[in-house]
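Work through the exercises below with the sequence and the model open. Each task is followed by a solution in steps.

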Amino acid sequence: MRIDFNQIQEMTMPCRNQGTGEMSARFYAGEGGKLISCRIHPGGSIGLHSHPTSDDLNFVLAGTGIALCDGQEEPLEPGVCHLCKKGSQHSIQNTGEGDLVLLTVVVER
């Protein structure tokens with residue numbers, strides 16, 4: 001199955017889960033999970049939230065940031081994958097001057 005994110009309209013919105021700033025994203029939802037192409041704009045953050053029914057994998061394509069997962073701080077940079085396992089909670093903050101670009105895979109289980 002081919003998913004063309006170029007054909008999915010990008011939405012700009014306030015960062016989720018009571019985070020700060022704005023993010024832009026393209027969402028694809030399918031059976032068993034979601035794919036999200038996301039840009040957290042400078043100064044933005046996704047607030048602390050839990051994943052009671054899914055694993056949340058965030059692969060960093062560009063930019064820098066920090067993930068806080070179950071109290072542990074993890075630096076984010078291109079080539080790094082941050083995993084928030086089912087039952088855990090996390091937040092993601094853009095600490096750079098440009099967008100923090102993520103490909104997020106949410107796997108329901």
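The exercises concern a predicted model and go from secondary structure to overall shape, then to surface and charge.

**Exercise 1.** State how many helices and strands the protein has, and give the order of its elements.

Solution. Start with the count: the protein has 0 helices and 10 strands. Then read from the N terminus; the order is β-β-β-β-β-β-β-β-β-β.

**Exercise 2.** Locate the domain listed by UniProt and describe the chain over that range.

Solution. First take the range from the record: an unreviewed UniProt entry lists "domain: Cupin type-2" for residues 38–106. Next look at the chain there: residues 38–106 are 65% strand and 0% helix. Finally compare the ends of the range, whose C-alpha atoms lie 13 Å apart.

**Exercise 3.** Decide whether the radius of gyration agrees or disagrees with that of a compact globule.

Solution. Begin with the expectation: a compact globule of 109 residues would have a radius of gyration near 13 Å. The protein has 13 Å, so the value agrees. For the dimensions, the C-alpha atoms fill a box of roughly 35 × 30 × 25 Å along the principal axes.

**Exercise 4.** Describe the burial, surface and charge of the protein.

Solution. Buried residues, those under 20% relative accessible area, make up 35% of the 109.

Definitions and conventions. Residues numbered from 1 in each chain as written. Predicted model: local features only at pLDDT ≥ 70, side-chain atom pairs only at ≥ 80, totals over all residues. Heavy atoms only, no water. UniProt positions renumbered as here; feature names shortened; annotations may be inferred. Helix = DSSP H or I, 4+ residues; strand = E, 2+ residues; numbered from the N terminus. Rg over C-alpha atoms; globule rule 2.2 N^0.38 Å. Buried < 20%, exposed > 50% of the residue type's maximum accessible area, 1.4 Å probe, protein only. Areas by Shrake-Rupley, 256 points an atom, 1.4 Å probe, with all protein chains shown as cover. Lys, Arg positive; Asp, Glu negative; His and termini not counted. Charge placed at Lys NZ, Arg CZ, Asp CG, Glu CD.
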